[in-house]
Amino acid sequence: MNKLITPLLLMGFACNTIYAQVTLTSERFVSIGDALDYYLSSADSIDLGLPGTEQQTWDFTHLSGSEMSTETYESAALGTFATDFPDANILQRSTDGREDYLEVNATSILSHGYVQEILGEQFPVRYEDARIVALNPTNFGDVTETTTEGGFAISLADYPLIDSLLNSLDLGEINGVLDSLRFRSTTIFRQEADAWGTCRIPGGEFEVLRIAQVTEVATFLEIHVSLGPLSLWIDLANFFDELEFEPFSSENAYLFVSPDHKETITNVQLSPL
């Protein structure tokens with residue numbers, strides 16, 4: 001049975017009644033100084049309904065949680081890797097430690113990349129093309145899908161601890177000098193506004209657009225080996241367990257988004273089977 005993680009908007013908002021299909025605009029876009037708080041809840045089963053053109057009602061009032069998650073938004077110029085993301089104007093920090101460099105304007109929220117931890121060090125991963133996070137306007141039936149590439153390469157001479165760890169790996173018959181590490185990622189991000197209606201949570205009742213969201217991230221680590229006049233890149237996939245590196249992640253989620261609130265009213269994340 002799937003496990004569902006449901007962040008719930010903090011209680012205390014007034015109730016709303018829905019009369020027409022919802023259009024999401026820039027009113028929901030984040031700004032510098034925002035801090036969005038969510039309660040985390042879990043359930044073994046939940047009624048998500050089906051995609052469709054008819055108004056629906058989702059009742060999550062039975063869910064509650066004591067663990068809190070917070071997303072904060074500050075000027076991108078304050079980030080450690082600000083110079084790597086010159087087009088970003090907002091840095092999003094999450095409770096789990098994730099950092100995303102965003103560009104927020106009147107028509108969209110774009111992600112220019114994020115901070116990746118590898119072998120105890122943090123590195124900026126800049127997308128070759130910005131990834132769409134949200135658009136103004138967004139209506140029922142809208143679909144967005146982007147595939148973005150990102151990565152970086154480092155000299156092992158600048159990171160002695162990583163150099164020592166990689167040199168301890170058994171590369172078999174390959175006997176050369178390890179001098180560089182390369183990281184590459186491919187992110188597939190898809191959103192579809194597939195339903196609309198009323199979402200009820202302990203904090204109130206909200207008109208929402210439901211967005212089905214899929215995020216898949218494939219990552220690759222390669223080591224550069226110099227063999228006299230020759231050199232080659234070696235895929236480290238066979239050493240991911242030893243390096244405690246996760247090469248692939250996939251998340252399916254349903255976002256219930258109100259046009260009047262920056263917080264997602266409910267975010268249902270389906271755990272893998």
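This report walks through the cores, charged pairs and aromatic rings of a predicted model.

## The nonpolar cores

Let's start on the inside. The largest nonpolar core has 24 residues, and the members that touch the most others are Ile-118, Leu-166, Leu-181, Phe-183, Leu-221, Ile-223 and Leu-236.

Pick out Leu-236 and look at what surrounds it. Beyond its neighbours within four places in sequence, Leu-236 is in contact with Leu-166, Leu-169, Leu-181, Leu-221, Ile-223 and Leu-243. There is also a second, separate core of 14 residues, with Ala-43, Ile-46, Leu-63 and Val-268 among them.

## Two residues to look up

Asp-34 sits in the loop between β1 (4-9) and β2 (35-43). Is this residue buried or exposed? Asp-34 has a relative accessible area of 17%, and buried means under 20%, so Asp-34 counts as buried. Its side chain reaches the backbone nitrogen of Ser-31 at 2.7 Å. Setting aside neighbours within four places in sequence, Asp-34 is in contact with Glu-71, Thr-72, Tyr-73 and Lys-262.

Now try Leu-227, over in strand β11. With 30% relative accessibility, Leu-227 is partly exposed. Leu-227 and Val-177 are 50 residues apart in sequence, yet 6.7 Å separates them in space, C-alpha to C-alpha. If you skip residues up to four places away in sequence, Leu-227 touches Ile-174, Asn-175, Gly-176 and Leu-232.

## Salt bridges

Side chains of opposite charge can pair when their charged atoms come close. In this model the count comes to 10 salt bridges. One of them joins Arg-210 and Asp-194, whose closest N and O atoms are 3.0 Å apart. Arg-210 belongs to strand β11 and Asp-194 to strand β10, so this pair ties together parts that are 16 residues apart in sequence. Both partners are tucked away: Arg-210 is buried at 1% relative accessible area, and Asp-194 is buried at 7%.

Compare that with Arg-190 and Glu-192, whose side chains meet in a salt bridge at 3.3 Å, N to O. Here Arg-190 is partly exposed at 31% relative accessibility, and Glu-192 is partly exposed at 29%. Another salt bridge runs between Glu-205 and Arg-200, with the closest N and O atoms 2.9 Å apart; Arg-200 is partly exposed, at 33%. Elsewhere, Glu-74, Arg-93 and Glu-99 are linked in a salt-bridge network.

## Aromatic rings

How many aromatic pairs does the structure hold? There are 9. In one of them, the rings of Phe-60 and Phe-256 have centres 5.4 Å apart and planes at 75°, so this pair is edge-to-face. Phe-60 is in the loop between β3 (56-59) and β4 (67-75), while Phe-256 is in strand β13 (residues 248-257), 196 residues apart. Both of these residues, Phe-60 and Phe-256, are buried.

Phe-152 and Phe-183 make a stacked pair, because their planes are at 15° and their ring centres are 5.2 Å apart. Phe-152 lies in strand β9 and Phe-183 in strand β10, 31 residues apart, and both Phe-152 and Phe-183 are buried. These two also belong to an aromatic cluster with Phe-123, Tyr-159, Phe-240 and Phe-245.

## Charges over rings

Finally, find two arginines beside aromatic rings. The charged end of Arg-131 sits over the ring of Phe-189, 4.5 Å from its centre. Arg-182 lies over the face of Trp-233, at 4.0 Å from the ring centre.

Key
Residues numbered from 1 in each chain as written. Predicted model: local features only at pLDDT ≥ 70, side-chain atom pairs only at ≥ 80, totals over all residues. Heavy atoms only, no water. Core = buried A, V, L, I, M, F, W, Y, C linked by side-chain atoms within 4.5 Å. Buried < 20%, exposed > 50% of the residue type's maximum accessible area, 1.4 Å probe, protein only. Contact = heavy atoms within 4.5 Å. Helix = DSSP H or I, 4+ residues; strand = E, 2+ residues; numbered from the N terminus. Polar contact = N/O pair within 3.5 Å; in protein donor to acceptor, adjacent residues only side chain to side chain. Salt bridge = Lys/Arg side-chain N within 4 Å of Asp/Glu carboxyl O. Phe/Tyr/Trp six-rings, centres within 6.5 Å; stacked < 30°, edge-to-face > 60°. Lys NZ or Arg CZ within 6 Å of the ring centre and 35° of its normal.
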